[in-house]
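Please keep the sequence and the coordinates at hand while reading.

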Amino acid sequence: MGACTKLSYSNVTPAAWNCVVKFAASHGVHVKSDKGKASKDGFTVAWDYNPTAKTASVQCVSSPFFVPCSVIDNYINSHAHDCLKASDVVMESMIAD
């Protein structure tokens, strides 16, 4: 399957990003830098975190054909929002590229 929507987030604190990193690790994806790409179980995800601008983007760039992007994007969004809320971040509008 082709790439899903790039999901972008504003006001991402280091604590919120650390939550995202821990969530990814719990799924076998080890985020070792602020920008990168990793694959696991047929899914490839790319990310880019800018701590100075407090922005982050996450995109599933490939996945098994039987898993629609709507399911993948909802899953990513749900957990990203959980991390932002847990870090007491006031959500700004989400932008999808």
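## Terms and basis

A residue is called buried when its relative accessible area is under 20%, exposed when it is over 50%, and partly exposed in between, with a 1.4 Å probe and protein chains only. The model is predicted, and local features need pLDDT of at least 70, side-chain atom pairs count only at pLDDT 80 or more, while totals for chains, interfaces and linings use all residues. Residues are numbered from 1 along each chain as its sequence is written, and side-chain values use heavy atoms, with hydrogens and water left out.

Helices (H or I, at least four residues) and strands (E, at least two) are DSSP runs, numbered from the N terminus.

The buried residues of α1 are Ala16, Trp17, Val21 and Ala24. They lie on the same side of α1 because they cover an arc of only 145° around the axis, the arc being that of the directions from the helix axis to the C-beta atoms. An α-helix has 3.6 residues a turn, so residues three or four places apart point the same way. The face of α1 turned away from the buried side carries the exposed Lys22 and Ser26, and just after the helix Gly28 takes a positive phi of about 85°.

## What the buried side meets

The cover over the buried residues of α1 includes β3 (43-50), β4 (55-62) and α2 (69-86). Leaving aside neighbours within four places in sequence, Trp17 is in contact (heavy atoms within 4.5 Å) with Val12, Val31, Asp34, Trp47, Tyr49 and Ala56.

## Aromatic pairs

Rings of Phe, Tyr and Trp (its six-membered ring) pair if their centres lie within 6.5 Å, and planes under 30 degrees apart count as stacked, over 60 as edge-to-face and the rest as tilted. A search of the whole structure finds 3 such pairs. One of them joins Phe23 and Tyr75, whose ring centres are 5.9 Å apart with planes at 45°, so this pair is tilted. It links distant parts of the chain, since Phe23 is in helix α1 and Tyr75 in helix α2, 52 residues apart. Phe23 counts as partly exposed at 24% relative accessibility, and Tyr75 counts as partly exposed at 39%.
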